[in-house]
Amino acid sequence: MVFSTYPTMLNAINEEKKKDGKKLFSEAHFDLVIIDEAHRSIYNKYAALFEYFDAYIVGLTATPKNMDAASTYSFFKCPPKLPTYAYEYETARDVDHYLVPYYNIEVSTQIMQEGVHYDDLSEDEQEAYENEFVDEDGNMPEYQLPQKINEKIMNKQTVDMVLDDIMTRGLRDASGNHIGKTIIFAQTTPHAKFIVDRFNDLYPQYGGEFCRYVTYKEDYSDNLIEKFKNPEGEPTIIVSIDMMDTGVDVPEVVNLVFFKQVKSKIKFTQMIGRGTRKCPNLFGDGRDKECFYIFDYLGNFEFFRQNKNGKESDVTDSVICMLCRNRASLIAHLQSADFMDDEYQEFRSALVDKVHGQIIELKDERIDVKRQRRYVEKYKNKDIFTCLSDLDLTEICKHIAPLVSEKGEDDDALVFDNLIYGIMLNQIRKGKGLKRYQTVIQKRGNILLEKKMTIPAVKSKADELKKIVQDEYWDKASIMELERMRKSIRDLMKFAKSEGEAIHYTEFEDTWTERTEGVEFDNSEDFEDYEKKVNSYLTTHADTLPIYKLRHNQPLTAGDYEMLSKIFTEELGTQEDYDRTFQDTPLGKLVRRIVKMDHDATMQLFSEYIDEHKWNSQQIAFVRNLIAYVEEHGYIDDMSILLKPPFDRPMPFVRLYSPEDQKRIISIVNDINENATRLVG
């Protein structure tokens, strides 16, 4: 048994060898591959891992994605909203009691809901507002949006009110003297720091270790989380910036605090999961953890009541991938008669050399490269770039671009390259997005001119920078001028990072808004209902042996029936689901009704009655209607249907056939019915 992260396993497959030179992990090394948290990172390059191994693949996730660009369902070849098996939170919580429920407390403050409006402030507060928000030119915004609160504006009373609410109303530890283990989800690192600072000012008796913040940017964070996991240790309150959202289990947690807005349903569900773990004897012998509290100060519960599926962020391509696509697009466009001058063709040749060089550098041993070997081998032939077809461009963008890499390049320079190539393509296509690219570059140029001119490399390009911040430059710049400018200043982009808006610390008066507690919230996954799951399974597994037999009028064995029963009452749902949905319909008849009878098998049963030399046209028409009905419905329960339309035209069944033939036809129909329910062997 091997446990691994995605990157480690990918590297092991691509690079690691045994002493005999063979791969450490061959395609057949594992019989079973289990993917935990299968909603994350299984797309793009890591998808190659699961196509490489010739093994059963099982994905586990509490929060499947269902987006076009990244669908957990489609990755595992399941229909949308129809997982192979679903064990729902409500079942684990209310039926099997593997998890504990929560009690939601929803409240906010006026400033967090409405922001800060200058006209609503007292005279002293207005003076403080002016001192804080008037810019160098004397301009002052009349209000601050609520989105800025806790991100760019840290208001002392707002944070103090929240901390007091948690410390007063939160679930306490076994002694009853202190709040129990608590996670506060903060908006930003400055916000988290401010929360901790305010806590230490308000509660100095705890000595500075009771409440700490953790972030990926701090080396000590992992150590603090380990201390938090200790039931008797400090910190007791962890303020988290993304680190505690998922993958951290601390059963002692009894309070979750949403001091940030969350728009992703997947993330929100994962965050709630930090409190659901059972914890026996948490409050003393025989006093188990029975629930946990969720304090929501930013309206997250209400957001998901109004937006059931939330708003998930799209899976984005890397800058390197986008660069390759833009270069390939330029190569194709520069084949036009408009660009036959030598300078354009030299530029095109340089682009071809770059893209082709990246393809040549791809190692055949990489499993993601093996997946696209057909395309990699094709475009290793440089002659193809002499004239790219539309199909060539599509293949490069789809199959090659995600594989390539850039060695030793500065990330900021690559982003700049991509912006300039985007502007070039916009010019060629006569698009409307030029201003967007232009504004980004002008902002960076202004940062360099206004704040970084003491850097020799920047100072040496002052004239160039002064040009690009002027709108007139972009009105006249040709593709070749843009390329010259790109090469000239791309290496300065690492100095042009925006310092961002300053953090404002304020002391405006704040008040509570309406408080609600325990309001019902349904965050369950909208899986398709049991009937749809059954229909989907049967139509996609029509050749499974018991289903095949039923389609071909072959009786089932006891083993066949047991297999079907397990599928319907264990894998797809429960016996209660079956009884509620299909009442007393026998399994075999249900399968027949959904997957139908096989045409050839049904024709064979009635073959003696469609012989044109023995029967007249009316008799043959009757049997063909009968075959069509049996194929469609799987069986005939009520023989009286043979006396009703369409079987009574142009002549009733009892007049069409002799008594012996009537009995024979009814016997065949009965045999079809019985083979759907009887067992042999």
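Colleague: How many helices and strands are there in the protein chain?
Modeller: This is a predicted model. Its protein chain holds 31 helices and 15 strands.

Colleague: Why is the protein chain described as more spread out than a compact globule?
Modeller: The globule rule gives 26 Å for 681 residues. The chain is well over that, so it is more spread out than a compact globule. Along the principal axes, its C-alpha trace spans about 105 × 80 × 65 Å. The radius of gyration is 34 Å.

Colleague: What percentage of the 681 residues in the protein chain is buried?
Modeller: Buried here means under 20% relative accessible area. The accessible surface of the chain comes to about 36,100 Å², and carbon and sulfur atoms hold 48% of that. The buried share of the residues is 46%.

Colleague: Among contacts between residues at least 6 apart in sequence, what percentage joins residues at least 24 apart?
Modeller: A contact needs heavy atoms within 4.5 Å. Of the contacts in the protein chain that link residues at least 6 apart, the share joining residues at least 24 apart is 70%.

Colleague: How many Å apart are the mean positions of the positive and negative charges?
Modeller: The protein chain carries 89 positive and 121 negative charges.

Colleague: Which elements do the buried residues of α1 pack against?
Modeller: Helix α1 covers residues 6–15. Its buried residues are Tyr-6, Met-9, Leu-10, Ala-12, Ile-13 and Asn-14. They pack against β1 (32–35), α2 (47–52) and α14 (367–371).

Colleague: Is helix α22 mostly covered or mostly uncovered, and which helices are included in what covers its buried residues?
Modeller: Eight of the eleven residues of α22 are buried, and the helix is mostly covered. Among the buried ones are Glu-481, Glu-483 and Arg-486, along with Ile-479 and Ile-489. The cover includes α13 (342–360), α17, α20 (462–468) and α21 (471–476).

Colleague: Which residues does Asp-412 touch, leaving out those up to four places away in sequence?
Modeller: Asp-412 sits in helix α17, residues 411–429. From Asp-135 it is 277 residues away in sequence and 29 Å away in space, C-alpha to C-alpha. With residues up to four places away set aside, Asp-412 touches Met-493, Lys-494 and Lys-497.

Colleague: Which backbone oxygen does the side chain of Asn-300 reach?
Modeller: Asn-300 belongs to helix α11 (residues 300–306). Its relative accessible area is 1%, so Asn-300 is buried. Beyond four places in sequence, its contacts are Phe-258, Lys-260, Gln-261, Val-262 and Phe-268. At 2.9 Å, the side chain of Asn-300 reaches the backbone oxygen of Lys-260.

Colleague: At what distance does the side chain of Thr-602 reach the backbone oxygen of Asp-598?
Modeller: Thr-602 is part of helix α28, residues 599–605. Its relative accessibility is 0%, so Thr-602 counts as buried. Not counting residues up to four places away, Thr-602 touches Met-597, Ile-627, Val-630 and Glu-631. Its side chain reaches the backbone oxygen of Asp-598 at 2.7 Å.

Notes: Residues are numbered from 1 along each chain as its sequence is written. Side-chain values use heavy atoms; hydrogens and water are left out. Buried means under 20% relative accessible area, exposed over 50%, partly exposed in between (1.4 Å probe, protein chains only). Helices (H or I, at least four residues) and strands (E, at least two) are DSSP runs, numbered from the N terminus. A polar contact is a pair of N or O atoms within 3.5 Å; within protein, one must be able to donate a hydrogen and the other to accept it, and residues adjacent in sequence count only if both atoms are side-chain atoms. The radius of gyration is taken over C-alpha atoms; the globule rule is 2.2 Å times the number of residues to the power 0.38. Accessible areas come from the Shrake-Rupley method with a 1.4 Å probe; for residues, only the protein chains shown count as cover. Lys and Arg count as positive and Asp and Glu as negative; His and the chain ends are not counted. The place of a charge is taken as NZ of Lys, CZ of Arg, CG of Asp or CD of Glu.
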